[in-house]
Amino acid sequence: MNTASATVGAVGAGPALPGPWGAALYDCRIAHVRTRPLRHAFQHRTYLWLVDLDHLPRLPAPLRPLARFQARDHLGDPAAGLRGNLDGYLAENGVDLRGGQVLMLSHARSLGHVFNPITVYWCHDPGGELVCVVAEVHNTYGERHRYLLRPDALGRAETAKGFYVSPFFPVDGRYRMVLPPPGERLSLTVHLDRAGGRAFTATVHGSRSPATSLGLLRAAVRHPLSTLVVSAHIRIQGLRLLARGLPVQPRPEHAPSPQQDLHQDLHQDGVTSR
């Protein structure tokens, strides 16, 4: 292990991340399966970053357009930073990590564009024990919502659905998630259970490699414009569901949140197949 990654692992006593940037890249396959009221499935490939919020990667200048980690792309005050916003949210919910390590799994802003259907934060205490997991969900209307989870030893947690994501599902039911901390392999599952049974399942499976200049270039070539592709998949699948006659559920009306994305790019008024 090189000095940079060893240093990242030492601060906060959490798990060390590989590579000279103290970050990891996951080549991923993402699958969505809708089972009610009709069956519809699709999958696509992309890559995700795993980063330490206290040691965000410092990329060489020519590569910075390919990966930027900015608070404005997530919930909270853009001026407070990613770590500051997460700590503030946790404090509101009675959680104090006392400086422990937080690992974030997310898309980075690439070539000026980003969209994260879900960002996952694994939150540790100073001794390296997992305290909680935060799942931050984004919809295509520029809105965001966080779920504070207390997973068991296998990474399993559940919570009531409290946020409008898909225009084809109302805000009801429960999420059952399996979010074990990533290692060499990444394996995440999100189920949505509604009255009558399971309505939807999303899975993310990936393999890890160190985040390096060559690794990032390979990922960017293998998955060009990756976040735009994610957005395109969401819209295409939504249009297919409309064509199959699936009715749209009204979006709950509420006052705009000051934490909504002010930089919605191409995502305003879109649809998602989840």
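Colleague: How do the residues lining the second largest pocket divide into nonpolar, polar and charged?

Modeller: The lining of that pocket divides into 6 nonpolar, 4 polar and 3 charged residues, where Ala, Val, Leu, Ile, Met, Phe, Trp, Tyr, Cys and Pro count as nonpolar, Asp, Glu, Lys and Arg as charged, and the others, Gly among them, as polar. Please keep in mind that this is a predicted model, in which local features need pLDDT of at least 70 and side-chain atom pairs count only at pLDDT 80 or more, while totals for chains, interfaces and linings use all residues. Residues are numbered from 1 along each chain as its sequence is written, and side-chain values use heavy atoms, with hydrogens and water left out.

Colleague: Which lining residues lie nearest the centre of the second largest pocket?

Modeller: Of the 13 residues that line the second largest pocket, Leu25, Ser209, Gly215, Arg218 and Arg222 lie nearest its centre. A pocket here is an open set of points on a 1 Å grid over the protein atoms alone where a 1.4 Å probe fits, with protein on both sides within 12 Å along at least five of seven lines, and lining residues have an atom within 4 Å of a point.

Colleague: And which element gives the most to the lining?

Modeller: That is α3, which supplies 5 residues, and β1, β10 (197-210) and α3 each contribute at least two.

Colleague: Staying with α3, which of its residues are buried?

Modeller: In α3, which spans residues 213-222, the buried ones are Gly215, Leu216, Ala219 and Ala220; buried means under 20% relative accessible area, exposed over 50% and partly exposed in between, with a 1.4 Å probe and protein chains only. Seen down the axis of α3, these buried residues fall within an arc of 130 degrees, so they line one face of the helix, the arc being that of the directions from the helix axis to the C-beta atoms. Val221 and Arg222 are exposed on the other side of α3.

Colleague: What covers the buried residues of α3?

Modeller: The cover includes β1 (24-34) and β2 (40-52).

Colleague: New topic: how many residues has the largest nonpolar core, and which have the most contacts inside it?

Modeller: The largest nonpolar core has 31 residues, and Leu50, Leu105, Leu149, Leu186 and Leu188 are those with the most contacts inside it. Such a core is a set of buried Ala, Val, Leu, Ile, Met, Phe, Trp, Tyr and Cys residues joined through side-chain atoms within 4.5 Å.

Colleague: What does Leu186 touch?

Modeller: Not counting residues up to four places away in sequence, Leu186 touches Tyr26, Cys28, Leu48, Leu105, Val204, His205 and Gly206, with contact meaning heavy atoms within 4.5 Å.

Colleague: Now the backbone. Which peptide bond is cis?

Modeller: The peptide bond from Arg36 to Pro37 is cis, with omega near -5 degrees, and Pro37 sits in the loop between β1 and β2. Arg39 is found in the loop between β1 and β2 as well, and it counts as exposed because its relative accessibility is 55%. Leaving aside neighbours within four places in sequence, Arg39 is in contact with Val33, Arg34 and Arg244.

Colleague: How far is Ala199 from Arg36 in sequence and in space?

Modeller: Ala199 and Arg36 are 163 residues apart in sequence, yet 4.8 Å apart in space, C-alpha to C-alpha. Ala199 is in strand β10 and counts as buried, because its relative accessibility is 1%. Apart from residues up to four places away in sequence, Ala199 touches Val33, Arg34, Thr35, Arg36, Phe169, Leu192 and Arg194. The C-alpha atoms of Arg39 and Ala199, which are 160 residues apart along the chain, are separated by 9.1 Å.

Colleague: Where is Arg98, and is it buried or exposed?

Modeller: Arg98 lies in the loop between α2 (81-92) and β3 (102-106), and it counts as exposed, at 57% relative accessibility. Although it is not a glycine, Arg98 has a positive phi of about 55 degrees. Leu111, another residue other than glycine, has a positive phi near 55 degrees; Leu111 is located in the loop between β3 and β4 (118-124), and at 55% relative accessibility it counts as exposed.

Colleague: Last one: how many helices and strands has the protein chain?

Modeller: The protein chain has 4 helices and 10 strands, and 52% of its 274 residues count as buried. Among the contacts in the protein chain with a separation of 6 or more, 61% are accounted for by residues 24 or more positions apart.
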